[in-house]
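Please keep the sequence and the model side by side while reading.

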Amino acid sequence: MKKITTTLTLGVLACFAVNAQQKDGFTLVENNNGATLGYSSASGLKILTIGGKKFKDLNKNGKLDRYEDWRLSADERAKDLASKMSVEQIAGLMLYSRHQAMPAGISGYNAGTYNGKVFPESKASASDLTDQQKQFFKNDNLRHVLITSVQTPEVAAIWNNNAQAFVEGIGMGIPANNSTDPRNTALVTSEFNAGAGGKISLWPDGLGMAATFDPKIVQQFGQIAAKEYRALGIATALSPQIDLGSEPRWYRIAMTFGESPLLTTDMGRAYIDGFQTSYGKHEIKDGWGYKSVNAMVKHWPSGGAEEGGRDGHWAYGKFAVYPGNNLQQHIDPFVNGAFKLNGKTGKASAVMPYYTITFDQDKKYNENVANGYSKYIITDLLRDKYGYDGVVCTDWLVTGDEGKTPNLFAGKPWGAEALSIAERHYKVLMAGVDQFGGNNDKKPVLEAYQMGVKEYGEKFMRARFERSAVRLLKNIFRVGLFENPYLNVAETKATVGNAEFMKAGYDAQLKSVILLKNKANILPIKEKKTVYIPKIYSAPTKDWWGVYTPARLDYPVNLALVKKYYNVTDNPDQADFALVFVTSPQSAEGGYDINNRNNGSNGYVPISLQYGTYTAEYARAKSIAAGDQVIDPTIKDRNYKGKTVTAANTMDLRTILDTKEMMKGKPVIVSVTASKPMVFNEFEKVVNGIVLNFGVSTQAVLDIISGSTEPSGLLPVQMPADMKTVEEQKEDVPFDLVPHQDTEGNRYDFGYGLNWKGVIKDARTAQYKVVKP
């Protein structure tokens, strides 16, 4: 593009902006040996020329302020801007939006309207700003946006340009810092099933990535995903999740790097280095630059020790417990990994505490409150003891009111239920937190400010707000958004999900698949033999948001894909072998059954890792944590000893056993897609082979089974021998299960996996070998 010379007047520059790159809605202004500026003529912004260099006049005062000077450090610029911002503007900076989709949904958590109408009834484009987005940008001064599904990468890019032009024209011209939960997962199983959308490279997530036992693959993922994120207008990743997966029943163990503190530390470090580091011409300073993505590591100080495996998104899972007095091992991946990077950026730029109450671990203030409310957890530990001065952002909706019953998905103010919403904001601020996840409204933040003024005075609270503002602004300055937040739509289309990135993701998928059992070397089955694949019955399910999926009986895979490898028959008598696709046992209740509560019990039930009906004979006689001052004040014990549950997908086991019988001695191979550890003793002895994955494409599984690729994945978690060992293990202690031992004499322990030669023993298994006392 032709450079704009320094002799052009501001008026000519504005005219030039109208005519240049009109299709993408922005103009580029180049500086020799300096930053390239991007701005929109629609915002009314002007360009200043000072000493032959060009700068954006973001606050439209006709002079160059220090925060507008790209020659200065991010720290200097952030401090200058924070000092100029009003309390209302800083309050908006502390907000982090609820989930935003493009286009907005008709109802539910990502709903929105366009000129008062839902998207199908409006004449809006998917890339237009919703009424609600305009509201929180302009009136609430919000600048941090959580993006979920997008129609296409191009839509995301145009929406970004529209949003950046909108905020560039108001207030101090602070750009939007867009973020996402993980969105590159192969099975579209991201958090809330809302993180995916548009063509993007597909990788294993969490336990799948951990199964490679290779931090280099994770760093490669970070580098590629960062390029895709920035091409989508995303500059912050709400990841990685480095909670130590020491509790096998926990729902979110699927998104962790497993139960090894050492492997989790190395994987987390590699992930953050990959995302945050820019190189060469893209680097601005200290590894930060135009290809960097801020990593918000979660969840401090770990949520992996949930009592009984219940999750903190619901009131029944408020407590993380430490019967093994092992909190330190959960903290180690943060302080030795996320805060000690190999790359130049040094440490993760942001931290998210989990919803849970880290039960009875606060020995200073003796408070049992959620991590985001805890001064001990945030200030005394994170900030003072471990010296972390980056952004701390609450998990979503921690200041909202909880539901009327413990199983409702609503606000999560654990330990602060009796406080008002404004009082909760104040307590979070005083704990040392900078930002409120899932809050679009500045009013309670401003109320909290006035509470602080009343208690400590105006000077104290102004300084407290500016301290958080500086942290938040640095993360926007360091990635170059103040200079050019705009996207070239053609570049976005060429970057996101390109062939090179897709291949890299698929290669990682292959390396994450684990061969658990291979009796008589039945695998690989290379010839194009005839396979029988049974249909699977899926019971009705309810997602996080309470939306039901009806029951169905269908093939679990695309048979057209299978036919590229084998002949397919629906008659077991005509098959050479059977291939049964199942998922790991799924809990129907998640550890709490409202019907059980209504029948006079406490409502708490076990979370089972087996398919068959399970009675919690070996569970604790008395729970560690108990009491719910709002919902269940009379319940002093959350134990579930003696109660019985059955997995929602118990028919998966019946299908395996029926298929074995129908095949009349011919080989049966089971492909398991797992989301957590599981009990294999219900069917392992009757099948010939077991192939395990933690969320990859069917093609990757078939490439292993057919021998196109040799398996190399290793177990990142132990697989329990039975539910007795699950009940007797301690939530906070890794490697304390009795592993399953199969008919071939192999133990399904951490680090176990087979290749075609037998049990894998290589540099990875040596490096991450568990040494038990």
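Is Arg66 buried, exposed or partly exposed? The model is a predicted one, and in it Arg66 has a relative accessible area of 43%, so this residue is partly exposed. Its side chain meets that of Glu76 in a salt bridge, with N to O at 2.9 Å. The two residues are ten apart and belong to distant parts of the chain: Glu76 sits in helix H2 (residues 74-84), while Arg66 is in the loop between strand E4 (53-56) and H2. Glu76 also counts as partly exposed, because its relative accessibility is 33%.

This pair belongs to a wider set, since side chains of opposite charge can pair when their charged atoms come close. Across the whole structure, a search finds 32 salt bridges. One of them joins Arg249 and Glu247 at 2.7 Å, N to O, and here both residues are buried.

Another salt bridge is formed by Asp434 and Arg383, whose closest N and O atoms are 2.8 Å apart. Asp434 lies in the loop between helix H11 (421-431) and strand E17 (436-437), and Arg383 in helix H10 (residues 375-385), so the contact ties together parts that are 51 residues apart in sequence. Both Asp434 and Arg383 are buried. They are also members of a network of salt bridges that links Arg383, Asp389, Asp434 and Arg471.

The next step is the sheet. Seven strands form an open sheet with parallel pairing, in the order E6-E7-E8-E9-E12-E14-E16. Strand E6 (99-102) and strand E16 (391-392) each have a single partner strand, so they stand at the edges and one side of each has no neighbour in the sheet. Within the sheet, strand E12 (residues 294-300) runs parallel to strand E14 (residues 350-353), and four bridges join them. Val297 stands opposite Val351 in E14.

The structure holds eleven cavities of 30 Å³ or more.

How values were computed
Residues are numbered from 1 along each chain as its sequence is written. This is a predicted model: local features need pLDDT of at least 70, side-chain atom pairs count only at pLDDT 80 or more; totals for chains, interfaces and linings use all residues. Side-chain values use heavy atoms; hydrogens and water are left out. A salt bridge is a side-chain nitrogen of Lys or Arg within 4 Å of a carboxyl oxygen of Asp or Glu. Buried means under 20% relative accessible area, exposed over 50%, partly exposed in between (1.4 Å probe, protein chains only). Two strands pair if DSSP finds at least two bridges between them. On a 1 Å grid over the protein atoms alone, a cavity is a set of points where a 1.4 Å probe fits but cannot get out, and a pocket is an open set with protein on both sides within 12 Å along at least five of seven lines; lining residues have an atom within 4 Å of a point. Grid points are joined across faces, edges and corners, and a volume is the space filled by probe spheres set on the points.
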